[in-house]
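Thanks for coming. I will go through pockets, then the interface, then salt bridges. Please have the model open on your screens.

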Amino acid sequence: MKIALSSPSLNPVLVKELRGRMRGPRAYLFLTGVLVLLGLVSFGLFQLVTPRYGTFNQPNVAAGAMIGQFVFVGLVFLTIVMVCVIAPSLTATAISGEHQRKTFDLLMATPLAPFTILTGKLGAALSYVALILLAALPMMSLAYVFGGVTLSDLVRAFLVMGGFALTYAVIGLFFSALFRRTGIAVGASFVLVAFCLFGTLFVYLVLSVMRGEQPPNWVLALNPFSVLSSALVDGVVTDPNNVFGSSSVTPLLWGLAGGRFDNSQTQQLALWYYALGIYGWLTVFLFALTTQLIKPVQRFRFRPLTWVLLVLLFVGPIVAALFLYTAFGFGGVRAAWRWATTSQQNIVLNSKFTDAWEQNWRVDQVIQKASAPSGSPLAQPISTTDKDGKHALHVWNSDADTAQAFAISQPLQFGLPDGGTVRVRVTMRLGQHRAPACGKQGDTCPLMVKLQYTDASGARREWSQGFYASGEAKAKLGLPPRCQTCPSCKTCPGSKPHIRVTEAKWYTFESQDLFQNNSQQTMPKSLDQLVLKVAGTQYEAQIAEASVIVHEGRPLFEDNKKNRRIDWSLSSLTPWWIWSFINGGRDDIKGGRMWIRQGGIREVVPLLVEPLPPIPQPTAALPPPSAQ
Amino acid sequence: MNMNQPLVIETRNLTKKYKKTLAVDQLNLRVPQGALYGFIGRNGAGKTTTLRMLAGLLEPTSGQVWVAGERVEQHPRQIHRLIGYMPDFFGVYDDMRVWEYLDFYARCHKVATARRRTLIDELLELVNLADKRDANVQALSRGMQQRLCLAHTLIHEPQLLLLDEPASGLDPRARIEMRELLKELAAMGKTIIVSSHILPELAEMCTHIGIVERGKLVASGSTAEIRQQLQATRLLRVRLLTDPPHALEFVRTAPGLGEATVVAVTPHSTTLEMEFNGDDHAAAKILADWITHGAPIAEFSEGGNALEDLFLQLTATENA
């Protein structure tokens with residue numbers, strides 16, 4: 001005799017449980033009982049509510065909707081109580097029953113994995129709950145007929161009920177494996193379910209009396225009524241002030257869901273998101289723990305310390321998640337994710353002009369004065385040169401009488417929905433120019449780099465930085481150190497002085513994060529265009545590189561949004577004297593930022609952008625420009 | 001014990017402590033392949049604990065168990081494919097028919113669907129339950145449940161059977177049937193460990209015997225070896241229809257006998273016991289001699305049960 005150890009068949013425990021459970025009249029009698037109860041309750045609710053809204057004799061659409069909602073909510077609440085009681089009571093006997101019937105050893109002596117045994121038990125219990133839910137469905141669609149209830153409400157209600165059935169079934173399974181005695185396991189499950197159903201409401205009420213205001217809604221996160229209400233009311237009620245106007249049961253649902261009645265426009269996360277996280281994690285955690293508990297030969301021993309560690313292991317991620325959410329919101333966490341999963345990239349195409357520059361760059365002649373009439377061809381065409389081993393864009397004007405200005409631009413159209421750091425790197429060589437510094441208005445630098453962007457509020461903004469080589473930007477010469485007339489610089493919060501570079505020497509400017517000090521409203525949502533403005537009379541500019549280096553997202557603990565009441569970041573939560581200690585007694589610079597202690601809340605003040613020392617000449621020659 | 005045979009089970013310093021009670025104490029068990037191993041001890045001696053550890057259902061406090069060369073604690077699921085385990089106390093599920101019971105365990109062992117049905121019928125035939133195929137398992141008598149449980153241990157055709165008191169709670173006839181069944185299984189080449197607190201039940205059929213007392217293995221080896229140990233302490237029992245002085249007079253003459261002691265006296269007879277170190281031929285000669293001398297012998301037998309005495313002796317030593 002040879003046994004084929006093959007055939008991926010059904011879970012044997014599931015088969016056995018289902019055979020046993022559905023045998024005999026018991027299961028059907030129970031189901032009938034449930035249906036009779038639901039029927040009576042919905043009839044009672046109908047009778048209760050009809051006199052308030054009118055009767056069928058006077059057809060009234062609004063009344064029908066209200067009746068429908070009332071009956072639906074009543075049925076759904078009754079069903080969720082049944083689900084929350086039945087699901088754990090089915091599983092609480094699953095493992096303890098095996099112990100009590102003395103079949104546990106026989107089961108464990110088979111090669112079945114604990115996971116298979118538990119999924120079998122769970123599957124059998126849940127399929128029975130599913131049967132009850134399915135049986136209740138026609139009753140609820142009766143409410144659906146009255147109106148006021150959408151298909152989406154029905155789907156949400158069933159999703160929430162199914163979720164609770166799963167979680168409470170796993171809790172029952174856990175207690176069953178833990179206590180090994182049916183009575184205690186069922187009792188413990190019921191105590192827990194009763195706490196979730198009523199205890200949390202009680203805590204919420206006590207808290208609201210004690211605080212004299214509504215507690216945060218997450219206090220109700222474990223309550224099935226509240227979670228169900230929040231799922232039903234989420235999206236239906238967008239205006240909390242108008243909540244009473246909409247329907248008879250909506251205020252009840254809104255209240256149960258921990259919604260605010262106090263006109264405060266506080267945005268609260270809908271309760272069922274909390275519930276989804278907490279119960280989902282609880283389910284996975286307890287299931288994994290139960291697989292360990294029923295192993296006869298255990299990997300680790302369950303000592304008191306083990307339980308403490310397990311509780312920490314369970315609570316830890318919840319606390320961490322709440323901390324992350326409270327401190328940074330979903331946007332912050334998403335931005336941190338983006339920050340972690342992307343790296344720096346240069347969003348400028350052909351930034352070193354190695355390909356034919358006309359492909360990616362556009363030239364607009366902005367000004368042409370004096371000798372040449374407007375609209376005539378460029379006084380000097382733009383070309384490329386190879387100088388000192390660098391391949392560069394070459395713009396010059398040898399005519400002392402003619403002022404000219406070019407805007408060499410590249411559209412970027414790069415979205416930054418989660419924020420990010422943006423740095424600009426420009427390598428240039430500026431020759432002697434006639435106008436000292438950047439001219440009288442400070443706007444005719446030989447080279448001015450502009451980054452045009454759209455901020456979160458939709459306003460178009462510009463960051464700019466000017467460079468010059470000749471002349472002194474001193475007040476005594478009557479020359480402004482920074483641009484006075486360009487519109488951009490009036491809107492720039494920290495208008496930067498122009499940078500003087502050494503004449504006829506290569507210089508690389510590398511900015512810090514351009515927007516590190518912007519508030520949330522002025523953070524760029526998209527980078528629109530990079531403009532290299534070359535202007536003056538008798539000048540020469542060579543540009544070897546123009547890059548915009550972007551790192552999307554935001555690291556969690558570099559967060560320095562000014563408009564936030566409390567900066568939750570780790571560095572800001574660290575007492576100042578620790579930083580002081582770390583920095584050797586100075587209230588000092590950390591990552592290019594100066595931390596100044598001001599009355600408990602630290603302001604982040606940016607360091608001025610200092611020109612970096614010129615980088616040495618690259619050793620390797622750049623590739624030659626492609627023949628075009 | 002033939003040490004050349006491969007060992008199916010080997011334990012090294014197997015120890016199990018329940019809080020303060022030492023249930024199994026440094027047990028070194030060696031069971032060769034093909035053995036029908038009688039694991040004997042009083043109630044509470046640690047038999048069940050040992051068997052559960054062998055089956056990978058209980059974690060030893062210390063020590064190791066090898067089954068077919070594999071550490072049980074490390075590969076419990078592979079081990080479960082090799083062994084069939086029958087606990088001393090077991091229950092059956094509610095609402096389950098006899099064939100479903102076997103079907104469930106067959107599924108647990110992933111027996112192919114096509115094979116399952118015929119296998120169940122074969123096993124029910126083997127344990128004489130073919131006519132109860134559709135009965136409810138709870139409605140079966142204790143003996144039938146016992147046999148059904150034995151059938152379930154065979155569902156995956158294991159090479160090793162761990163049977164914990166398979167005959168407990170059975171009536172004499174059922175015990176004999178169970179014994180025959182075990183012999184049949186042993187003949188099929190399976191290694192069987194069967195525990196019992198009643199020694200004679202096992203002594204007759206087992207190839208090997210291990211006696212456990214207070215968690216310690218006090219004697220172990222093949223049945224022949226254990227019998228040999230007993231040769232020196234064999235007892236002869238004689239009942240003579242006379243009073244004690246005369247009786248002692250008669251038996252004193254025989255060679256190779258130790259000092260006779262009076263065990264029982266009735267108005268008409270005296271029962272004597274004496275140590276004897278000869279074989280059966282010597283015993284026959286003594287009897288013939290006595291009869292020719294006209295001794296009124298009503299009964300002549302081997303005194304007590306040798307194995308049981310050894311058992312008592314060993315356990316008594318431990319108790320002392």
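Start with the second largest pocket: its lining residues divide into 34 nonpolar, one polar and no charged. Keep in mind that this is a predicted model. The space in this second largest pocket comes to about 920 Å³. It has 35 lining residues, and those closest to its centre are A:I278, A:Y279, A:W281, A:F314 and A:I318.

Which elements give two or more residues to that lining? They are helix 7, helix 8 (182-211), helix 12 (271-293) and helix 13 (304-341), in chain A. Helix 13 of chain A gives the most, with 13 residues. In terms of domains, at least three lining residues come from domain 1 (16-299) of chain A, and at least three from domain 2 (303-341) of that chain.

Now the largest pocket. About 1100 Å³ of space lies there.

Next, the interface. The size of an interface is often given as the accessible area lost when the parts come together. Between chain B and chain A, the buried area is about 3400 Å², and carbon and sulfur atoms give 59% of that. Three residues, B:E59, B:Y93 and B:R107, supply 18% of what chain B buries against chain A, more than any other three residues. By contact, 40 residues of chain B and 33 residues of chain A take part.

That leaves salt bridges. Side chains of opposite charge can pair when their charged atoms come close. How many salt bridges are found across the interface of chain B and chain A? The rule finds five. For an example, take B:D94 and A:R101, whose side chains meet in a salt bridge at 3.6 Å, N to O.

Over all chains, the count comes to 35 salt bridges. In chain A, A:K450 pairs with A:E462, with the closest N and O atoms 3.9 Å apart. This pair links distant parts of the chain, twelve residues apart: A:K450 is in strand 7 (residues 447-455) and A:E462 in strand 8 (residues 460-468).

Notes: Residues are numbered from 1 along each chain as its sequence is written. Chains are lettered from A and ligands numbered from 1 in the order in which they are written. This is a predicted model: local features need pLDDT of at least 70, side-chain atom pairs count only at pLDDT 80 or more; totals for chains, interfaces and linings use all residues. Side-chain values use heavy atoms; hydrogens and water are left out. On a 1 Å grid over the protein atoms alone, a cavity is a set of points where a 1.4 Å probe fits but cannot get out, and a pocket is an open set with protein on both sides within 12 Å along at least five of seven lines; lining residues have an atom within 4 Å of a point. Grid points are joined across faces, edges and corners, and a volume is the space filled by probe spheres set on the points. Helices (H or I, at least four residues) and strands (E, at least two) are DSSP runs, numbered from the N terminus. Ala, Val, Leu, Ile, Met, Phe, Trp, Tyr, Cys and Pro count as nonpolar, Asp, Glu, Lys and Arg as charged, and the others, Gly among them, as polar. Domain bounds come from an automatic or database domain assignment. Contact means heavy atoms within 4.5 Å. Buried area is the accessible area (1.4 Å probe) that two parts lose on being put together, summed over both. A salt bridge is a side-chain nitrogen of Lys or Arg within 4 Å of a carboxyl oxygen of Asp or Glu.
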